[in-house]
Amino acid sequence: MMVKHWRKTLEAICIPIGALLVALVLFGGFCAIAGANPFGVYSSIYRAAFGTWSSFQNTLIRAAPLMLSSLCTALPARLGLVIIGNEGAIVIGGLSAVAVGLFLDGSAPTIVQIGMALGGIVAGGLWIALVGALRHYRAVNETISSLLLNYIAIAILNQLVSGVMRDPSSLNKPSTYPIGMASMLGTLPGTRVHYGLLFGIVACGLAYLLIQRTTFGFAARIAGGNLRAARIAGLPVGKLTMAICFLGGACAGLAGMVEVAAVHGRANESLNANYGYGGVLVAFVARHNPLAAVLVSVLLGGILASSGILQRSHNLPDATALVFQGLVFLVVLYSESLYGKFEMFKERSAIAPSVA
Amino acid sequence: MTTEVLGWWGVPLGIVAGTLRGSAPFLFVSLGECLTEKSGKINLGLEGTLLMGAMSAYAISYLTGSPWLGVGAAGLAGLGFGLIHGIVAQRPRVNDVAVGIAMIIFGSGVAFFLGKPFIQPSAPQLPTLDFGAWSSLPAVESALKVSPLFLLGIAIAPLMQWFFRSTRWGLLIRAVGDSPDAARAMGVSIYNVRLLSIMAGSFLAGIGGASLSLFYPGSWTERISSGQGLMAVALVIFARWNPIQCLYASLLFGGAQAIGPALQSVGVDSYYYLFNASPYILTLLIMILTCSPQRTLAGVPGALGKPSESRL
């Protein structure tokens, strides 16, 4: 297997790396026009993202919610659905986690944490399962409905934190009551990185096994490849759609819980910190492969972590990281069309010429 | 101010004023998206284009002192973004929704990057047409200040309708969007028609951005857009790919957006944020009610969202 397909494997490694290099060159040009030394910028980004153990930990803290959030797009993509409701599921998951956490206030921290995690998972899952149900039963376009639900989720968040759930002592930035230090998620031993990273890696690993190694994943891939064939084969397409949407949403909801329980300690507008759209980006760049999503999340986490240093040492606006992110995304998407275009990556099979 | 003189009449007045002020961005992005989608492509990235348009318009208006040059710059910025989207989204195997999101990130990044120096200074605004000069009530007077861009948008809607119905170019775009094979048989370059339609649509969205920064809210900040660009796709579905209905939909959405602030001005602010979300809730409800698994939506271009075939 490995020997036979090495060219394909090499192609799948070389094209994304090549795309990344092209994006770096374009970004360097952009920085040069803006009056910064591109090589200085590269080395700053590298140092701020991966240079020292301390800065790498910052990167990992940002990568954790991205891994979870990316699954909200990557899993349904196996069914051919393009879901971009990650932001909404994060917000709803975070809100629900806080609600459960406050309800269980006073119980043992482990109980509170498990409750919060379940709250986030169930709420986020149901939120995206709704998108799947609308798709299956009413043929509502899942991209649009999930986009609309993002706005609705943010409105619900704002409504609750400025109304019913508001802590009167939070003046400038309306927030819910804090869940309390005792109930916060701890850090991995010997690091500043919270357990969310572990959740992210485990979730991505499980997602990979689910899609590649189980009958459920096989059925989902069949239905994603050819819906009519799946129906004729008697696959329960509706149940599959809702189950996979639930799982995707559950991961994003867990990301919301992690943000609340490990970073902010309460729910407020910081929940809506663009990890949602970042997760969509990760999923597409990773070509919806959960294992690749882990790596891409670390990379994007690094870009996010470097935005501060670009501002401080190169006098570039903080939006520079956003420009870089957009460029990487655009170039990687463009590179999708290059698979099968390079002679050196074509399998040399004498029997059956492969169809690109 | 409104409350003291008008009491509860301030609510409908506030909604009318909000509609007149806030509909223009919706109108331009939805007309732009309509034009693009008629050719069979989706551009989800108009939010980035809108921000870029708002920034360019404000910056050029500040630097040259002429707001109309700013409007032109916003249109040009839109054209440029349309070119990028049109090229990348038409590559084989590239998902146009993903390209749209990339363009939102890229567009907002470039807009915030270049717009950083323009947050503080105040740029000359577009002149307004005062239809409320007859009234002695300042609230009425300020409510009826109308942006010339809004009137321009209202004029474009029927023009675009006529363009699709009765011109050769309009027919070509519809042919490319409905049945690319037939268009190809006619000898039309699908690639070029789509590229031009995406660019023209982006141009309009850029102008919509100019109306944000040069009329209402009339400043440049990073939070200037409240998602009007993202709503474009939903608006066009709501309007059934019909330019005249895009106009009605934009008025409805502009009005719905004004409900929250109008109620707040008379002291009802208990559901402020939920009222602000009413355009989104409304769209979702309408989609749930009108979509059906048994048939496709009326008016949808036949090849919309189908992957691009190889360039021929």
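**Between the chains**

Analyst: Happy to. D318(A) forms a salt bridge with K116(B), and their closest N and O atoms are 3.6 Å apart. Keep in mind that this is a predicted model.

User: Where do K116(B) and D318(A) lie?

Analyst: K116(B) is in the loop between α5 and β1 (129-130) of chain B, and D318(A) is in the loop between α13 (307-314) and α14 (320-336) of chain A, so the pair joins two chains. K116(B) is partly exposed at 36% relative accessibility, and D318(A) is partly exposed at 33%.

User: How many salt bridges does the rule find across the interface of chain A and chain B?

Analyst: It finds 1 salt bridge there. Over all chains, the structure holds 7.

User: And what area is buried between chain A and chain B?

Analyst: About 4000 Å², with carbon and sulfur atoms giving 77% of that. In terms of residues, 47 of chain A are in contact with 47 of chain B.

User: Why does a spacing of three places matter in an α-helix?

Analyst: An α-helix has 3.6 residues a turn, so residues three or four places apart point the same way.

User: Switching to rings: how many aromatic pairs are there over all chains?

Analyst: There are 14. One of them is F39(A) with Y42(A), an edge-to-face pair at 5.9 Å centre to centre and 85° between the planes. They sit 3 residues apart in helix α2 (residues 38-51) of chain A, so about one helical turn lies between them. F39(A) is exposed at 62% relative accessibility, while Y42(A) is partly exposed at 23%.

User: Are F112(B) and W220(B) buried or exposed?

Analyst: Both are buried.

User: Which residues do ring pairs link into a cluster?

Analyst: Y46(A), F50(A), W53(A) and F56(A).

User: What about charges over rings?

Analyst: The charged end of R287(A) sits over the ring of Y339(A), 3.9 Å from the ring centre. In chain B, R21(B) lies over the face of Y216(B), at 4.6 Å from the ring centre.

User: You mentioned α11 of chain B. How many of its residues are buried?

Analyst: In α11(B), 10 of the 11 residues are buried, so the helix is largely enclosed by the rest of the structure. Among them are Q228(B), M231(B) and I237(B). Just after α11(B), R240(B) takes a positive phi of about 55°.

User: Let's go back to chain A. What does C72(A) touch?

Analyst: Leaving aside neighbours within four places in sequence, C72(A) is in contact with I83(A), N86(A), I128(A), G248(A), G249(A) and A252(A). C72(A) is in helix α3 (residues 53-77) and is buried, at 0% relative accessibility.

User: Last one: which parts of chain B carry the UniProt "transmembrane region" annotation?

Analyst: The unreviewed UniProt entry gives residues 6-32, 68-88, 97-119, 146-164, 195-217 and 270-289. In the model, residues 68-88 are 100% helix, with end C-alpha atoms 31 Å apart. Residues 146-164 are 89% helix and 5% strand, with end C-alpha atoms 28 Å apart.

Terms used. Residues numbered from 1 in each chain as written. Chains lettered and ligands numbered in written order. Predicted model: local features only at pLDDT ≥ 70, side-chain atom pairs only at ≥ 80, totals over all residues. Heavy atoms only, no water. Phe/Tyr/Trp six-rings, centres within 6.5 Å; stacked < 30°, edge-to-face > 60°. Helix = DSSP H or I, 4+ residues; strand = E, 2+ residues; numbered from the N terminus. Buried < 20%, exposed > 50% of the residue type's maximum accessible area, 1.4 Å probe, protein only. Lys NZ or Arg CZ within 6 Å of the ring centre and 35° of its normal. Contact = heavy atoms within 4.5 Å. UniProt positions renumbered as here; feature names shortened; annotations may be inferred. Buried area = accessible area lost by both parts, 1.4 Å probe. Salt bridge = Lys/Arg side-chain N within 4 Å of Asp/Glu carboxyl O.
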